[in-house]
Amino acid sequence: MNRAFSRKKDKTWMHTPEALSKHFIPYNAKFLGSTEVEQPKGTEVVRDAVRKLKFARHIKKSEGQKIPKVELQISIYGVKILEPKTKEVQHNCQLHRISFCADDKTDKRIFTFICKDSESNKHLCYVFDSEKCAEEITLTIGQAFDLAYRKFLESGGKDVETRKQIAGLQKRIQDLETENMELKNKVQDLENQLRVTQVSTSPAGSMTPKSPSTDIFDMIPFSPISHQSSMPTRNGTQPPPVPSRSTEIKRDLFGAEPFDPFNCGAADFPPDIQSKLDEMQRQRWRGSKWD
């Protein structure tokens, strides 16, 4: 291994100071992973971490898993590790937490750096595989350290505290964005579950019974075949019953029974009229007898 920062002070750097202080330098690489180390620096420490992660890579490769590709964004504020397509930040390694950086002279595709985790305070060694840019990436991180140190001397140490506050705010923003995305996914899942529940509880082909149609006076049209019990009540009272046909003798509008001269009693008429009626009755009886 080769220490990246043991360079001469008059070393010509690859990038302009503005590119690293106002922007960032992007690189693409394969991310072998990170592992905890006991020391914040040291060639042997890094070599053991590389050996461990290479062995894990061979196991994953035999299982058909591919090494994930990442994008590195290097600036005087640190090294960000992003997903290339979505640009989602996977790791944000602040520069003042990086204690060691090196490339592997025996395997020129491998480069590493050790960073102290902000949450667990453990030292983690990050290992990357870049076919053509391993040494260049290591030099770029070294240049970022050089520029950051110069700014520290110029500001009297105030710039470091400012960058720490900015880094803390960036970490908080990243956590809030992750939490917001998780909440959106939960809301989407709940909406999908509610939609499925509504579909499953409503019976297929069910129809709401239609109320009988009414006329402009809100009355149900008359139907001669409808039964009386089917008529709705109004104001809580039943309609009056239909009078049944009676077998009693019908009367006229004055309350008198219809006149039948042959059914009247003898005391109902004067004697002369009664005698004529009796004669008519006898003739009627004789006629019916001969018939």
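## Terms and model

A residue is called buried when its relative accessible area is under 20%, exposed when that area is over 50%, and partly exposed in between, with a 1.4 Å probe and protein chains only. The model is predicted, so local features need pLDDT of at least 70 and side-chain atom pairs count only at pLDDT 80 or more, while totals for chains, interfaces and linings use all residues. Residues are numbered from 1 along each chain as its sequence is written, and side-chain values use heavy atoms, with hydrogens and water left out.

## Thr 35

Thr 35, in strand 2 (residues 25-37), counts as buried because its relative accessibility is 8%. The side chains of Thr 35 and Lys 52 are joined by a polar contact of 3.1 Å, a term for a pair of N or O atoms within 3.5 Å in which, within protein, one must be able to donate a hydrogen and the other to accept it, residues adjacent in sequence counting only if both atoms are side-chain atoms.

Leaving aside residues up to four places away in sequence, Thr 35 touches Ala 49, Lys 52, Leu 53, His 123, Leu 124 and Cys 125, where contact means heavy atoms within 4.5 Å.

## Cysteines

Cys 125, one of the residues that Thr 35 touches, is buried with a relative accessible area of 0%, whereas Cys 133 counts as partly exposed at 24% relative accessibility.

The whole structure contains zero disulfides, defined as pairs of cysteine sulfur atoms within 2.5 Å. The closest cysteine sulfur to that of Cys 125 belongs to Cys 101 and lies 9.7 Å away, too far for a bond.

Technical notes:
Helix = DSSP H or I, 4+ residues; strand = E, 2+ residues; numbered from the N terminus.
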